[in-house]
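Me: I have a new structure open and could use a quick tour. Can we go through it piece by piece?

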Amino acid sequence: MDSLPISELLLQIERHQCALLANLTFSEKIRYIYNPLEYARETHEFYVRTYCNSPKKILFLGMNPGPFGMAQNGIPFGDSAYVNNWLKIKGNVFKPPLEHPKRQIQGLTCSRSEVSGSRFWSFMEETCGQPENLFLNCYIHNYCPFSMMTESAKNITPADLKAQEKKDLIKICDEALYQVMLLLQVKFIVGIGKFAEERAAHVLRSHNIQDIIVVNIMHPSPINPAANKGWKEIVHKQLDESGILQYMML
């Protein structure tokens, strides 16, 4: 198995993670679960095979798919404009088995901007120039591949789950994250928001790993008032002070 390319080994980790997550049961309030690694498999695998074919010093870690980002196209923080025009992702996107009428999947043709993704990828474009410069040392990955929502289409994040549901989910996702960080031989994990930072730190503690540094950057979500006041400048400073920016600016 180890003779396979890194991209294929990463996809194997993700498929196993998704198979385990699919066996979990959730409370009645979670009525819709989208797995973009399945219905957006073509675009997701294009992303992995294009941009994750070597070890990476830095793993940028998000939480789970947003309804107008990765849920649409299988790309973390997947704002359609950047997925199409900067990352140049190709592939067909199909439909989840059960689709919420207010959260229909339009794939690469989704016209609604994903604010978090637009902020994130525009920062990367301004900082790195070309995707090849970014992905030379970095990779962007989500902790949990599933998007969950209520009957009213309210987004439910892993952090929002009930105690036992959350415990079951993070056990699976922690193990997958551990495998990914070992596979990519990362030296830094950048938690995008507090939840991702906390999960990464927990995985390192539980495996007694001391040579990987966990860094936090502010989440770009518009729900976060601070992110609406100069997010790019704040994150530029955070990455510079942590010593990570030097690996992104070629």
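Me: Let's start with one residue. Is M124 buried or exposed?
Reply: M124 is buried, with a relative accessible area of 1%. Keep in mind that this is a predicted model.

Me: Where does M124 sit?
Reply: M124 lies in helix α6, which covers residues 115–128.

Me: And what is M124 in contact with, beyond its neighbours within four places in sequence?
Reply: Leaving those neighbours aside, M124 is in contact with F60, W86, G129, L134 and M248.

Me: Take L134. How many residues apart in sequence are M124 and L134, and what is the C-alpha distance?
Reply: M124 and L134 are 10 residues apart in sequence. In space, their C-alpha atoms are 7.2 Å apart.

Me: New topic: α10. Which residues of that helix are buried?
Reply: Helix α10 spans residues 231–241, and W231, V235 and L239 are buried there.

Me: Why do those three count as being on the same side of α10?
Reply: Because they cover an arc of only 55° around the axis.

Me: What about the other side of α10?
Reply: E233, K237 and E241 are exposed there.

Me: What comes just after α10?
Reply: G243 does, and it takes a positive phi of about 85°.

Me: On to helix pairs. At what angle do α1 and α8 pack?
Reply: Helix α1 (residues 6–21) and helix α8 (residues 163–184) pack at about 175°, with axes 10 Å apart. Angles over 145 degrees count as roughly antiparallel, so α1 is roughly antiparallel to α8.

Me: Which residues make that contact?
Reply: From α1, they include I6, L9, L10 and I13. From α8, they include L169, I172, C173 and A176.

Me: How do the contact residues divide into nonpolar, polar and charged?
Reply: The contact of α1 with α8 has 13 nonpolar residues, 2 polar and no charged.

Me: Last topic, the open sheet. What is its strand order?
Reply: The order is β1-β4-β5, with antiparallel pairing in this open sheet of 3 strands. The edge strands are β1 (32–34) and β5 (155–156), each pairing on one side only.

Me: How many bridges join β1 and β4?
Reply: β1 pairs with β4 (residues 147–149) over 3 bridges, in the antiparallel sense. I33 stands opposite M148 in β4.

Terms used
Residues are numbered from 1 along each chain as its sequence is written. This is a predicted model: local features need pLDDT of at least 70, side-chain atom pairs count only at pLDDT 80 or more; totals for chains, interfaces and linings use all residues. Side-chain values use heavy atoms; hydrogens and water are left out. Two strands pair if DSSP finds at least two bridges between them. Helices (H or I, at least four residues) and strands (E, at least two) are DSSP runs, numbered from the N terminus. Buried means under 20% relative accessible area, exposed over 50%, partly exposed in between (1.4 Å probe, protein chains only). Contact means heavy atoms within 4.5 Å. The arc is that of the directions from the helix axis to the C-beta atoms. Axes are lines fitted to C-alpha atoms, for helices over the stretch in contact, and angles run from 0 to 180 degrees between N-to-C directions. Angles under 35 degrees count as roughly parallel, over 145 as roughly antiparallel, 65 to 115 as roughly perpendicular and the rest as oblique. Ala, Val, Leu, Ile, Met, Phe, Trp, Tyr, Cys and Pro count as nonpolar, Asp, Glu, Lys and Arg as charged, and the others, Gly among them, as polar.
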